[in-house]
Amino acid sequence: MGETQKTICFERDTFPNGNHRLKQVYEQAKAGHKRPIASFVYFEDPVMPGHMHKGFDHWGYWNQDGEDLIGCPFVPIGGIYPDFGTGRASDLVRTRAQSLKRILYPGGGSKEIVYELHQGKLRDQPMMMIGGGLRVERILERDAPGSKPAEYRYTYEGGVVYAERFNYEKMGYGNTVEGDNIYYIISSHCQSTIYDYYGSPVVYSSVTERLPNGSSVKYDYVPLEKYDDLYPEKYLIAEDTVRYLGFEDDQDLPKTIRAWGRNLLQQETAFDADGNIVKRTSYEYLIDTAAAVRIPGLVPYHSRVEGHNRTCLARYFHISCPVLPKTRIEYSGKTNLYCRTDYLYNDRHLPTHEIKRYADGTRTTAYTKYNYEYYNKVNFGTGPKEYKYIPIEQIVYRNGKVKSAALTVYRATPDRFLLASALQLEAPYEGIDSVSFRISSRTFRGELQYDERYKEAISFDDYDAAGNMTSYHKADDMPMSIVYHPGRSMPLAYVANARYAPEATQRVNEVWFDDFERDDFYSWVWPDLGPAKSGTRGRITTPLTIPVSNFKPGTYILSYWYLTNDSDRWFQHRSRITVTDTMDNYTVLFPAGAVAVDDVSLLPPNATLKSQVSVPGLGTISETDTRGRSLYYEYNGFGLPTRVLDNERQPLKTYSYDHYNPNITIPAL
């Protein structure tokens, strides 16, 4: 623990104007040894000027060269175009400068991206215009340099430019009497809200992806106009009150954004290479505006009211609104209905019913009931807050009959919920009428009640201090156990036909095992033996004390592997011992010639154990089966497997890699 097993490096530098760029990503084992993952090529011609350059479009993208450009934009001022100013039209070549052009992979493959400018119509106008920023036109994938590319093409429909108008005017002042001048303060950057909440200057209602084999998929989305943003509410500030005057649409002020209702997928249609519809899926959504959270914002401003320049307030809202799938309809072909799925939710917006109606008349309903639904204000609490929404019961109905049902029972501790048992219907159950089936509930005293036809399928019997399940058994079957290192969630051993109850206060435990790979706070407890029986570490041969105060009285098999100075071979020791109901500890004395021991276990005679040693972030480095035979796994410095060795540490498999240095190894292994 605490050792670095893998390092991912991001190499970067800067463009000529100082902007950062990512050059490549690689994995590094140690200095000078790299495994490339990908490198990146960008559009670098023409060279983008510095940040203070004055040539940019409405959206802030570079659009023209020149050192004598003025900051004032060439836009209508008071409805009239001036005879000076810098243009704000978009330019593709300059807009894509410093954008990602190609991704290169170590095997010679690549992915090239071809861009085009956004395009859409102005609101409430038929005129189309070019928008700032880029959209993907094509993606070209090659397996090797010079090979024929697989081409993915993208077309866009229904685009609407998000900016309602391009406002640069900060203020207009002066005498309106004929003959006097009007003066304007103009911003060099557009003051309008010109990007949708999702970051696009154009909102599309349809995108089509054309695949290399000639087929295509069309995606239709909720358009902008259906959930357009709302103008702010306008209030006149009087001496002792405020007066509502409707909505403010003459000035550029913050709006109430409703982006959560648009850009939702409405329909997905798959076409074959001849343009025939293969499959069509449509979607509807539940938008619960009644449960929306609305946070108001206020902006003071001046406006002409009743012929006078008055102080007003604009009120807008930040809205968080639940958006949930409501209906999914699948068609085979253009119009042939295949299946309709409806989703229902409870008052916490958790899914409770998934109802499927098929074209042949079959209907299935999947019902889910959650932990908090079993309690009310006068019943017992649901435990820690994060466990309130655990699904407890799931029932599937088909044509009025119960098809399957599962009930999960938990037991509460002060800091967590633990699985106690899993119940299922006892077969055959296809004939159970849904009306006669009893959905689970709790009594006033908190007792769980459920249908009598439920039978216990699995019982989860024991846990360790970290909440890891250590013992379970299926109905009418032997107990199965899992052993963990303290503080870890990765199993180190699996035991069949014995109960492992490390936290038991009564004499029910039947398992003790240690592979001596444990570390305490990044400091190893036991020495590195090099080739240990399992893993890399073992125990010195001082007497070992095994706590047995919670062991079930009876006969057990003590097993361990030991190493002597006379041989590099590991020998197994097995002996029978008896644990009595008064015994608290058992001391193991190892053979006089032993210099190290490994994999010590204490199990009932009919129990079997298999173990593994795993390094977090790398993988398994050894496995030992129930007969005590081990497999060993070696890795290179990049965490890739290089060899698999048998019990005698002879190679079974060897792996080699292109573009990798096979001589780099992880020192710890």
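This is a predicted model: local features need pLDDT of at least 70, side-chain atom pairs count only at pLDDT 80 or more; totals for chains, interfaces and linings use all residues.
**A walk from the surface to the core**

Pick out Phe 10, which sits in strand β1, covering residues 7-14. Is Phe 10 buried or exposed? Its relative accessibility is 58%, and exposed means over 50%, so Phe 10 counts as exposed.

Now hop along to Ser 215. You'll find Ser 215 in the loop between β12 (206-210) and β13 (216-221). Its relative accessibility is 14%, and because buried means under 20%, Ser 215 counts as buried. What does Ser 215 touch? Setting aside neighbours within four places in sequence, its contacts are Glu 209, Arg 210, Phe 271, Asp 272 and Ala 273. There's also a polar contact of 2.6 Å between the side chains of Ser 215 and Asn 213.

Time to go inside. In soluble globular proteins, nonpolar side chains tend to be buried together. Here, the largest nonpolar core has 19 residues, and the ones touching the most other members are Leu 544, Ile 546, Leu 558, Tyr 560, Val 600 and Leu 602. Where do core residues come from?

Zoom in on Val 600. Leaving out neighbours within four places in sequence, Val 600 is in contact with Leu 544, Ile 546, Leu 558 and Tyr 560, and also with others including Trp 512, Phe 513 and Phe 516. Apart from this core lies another, of 18 residues, with Leu 407, Phe 417, Ala 420 and Leu 425 among them.

Methods
Residues are numbered from 1 along each chain as its sequence is written. Side-chain values use heavy atoms; hydrogens and water are left out. Helices (H or I, at least four residues) and strands (E, at least two) are DSSP runs, numbered from the N terminus. Buried means under 20% relative accessible area, exposed over 50%, partly exposed in between (1.4 Å probe, protein chains only). A polar contact is a pair of N or O atoms within 3.5 Å; within protein, one must be able to donate a hydrogen and the other to accept it, and residues adjacent in sequence count only if both atoms are side-chain atoms. Contact means heavy atoms within 4.5 Å. A nonpolar core is a set of buried Ala, Val, Leu, Ile, Met, Phe, Trp, Tyr and Cys residues joined through side-chain atoms within 4.5 Å.
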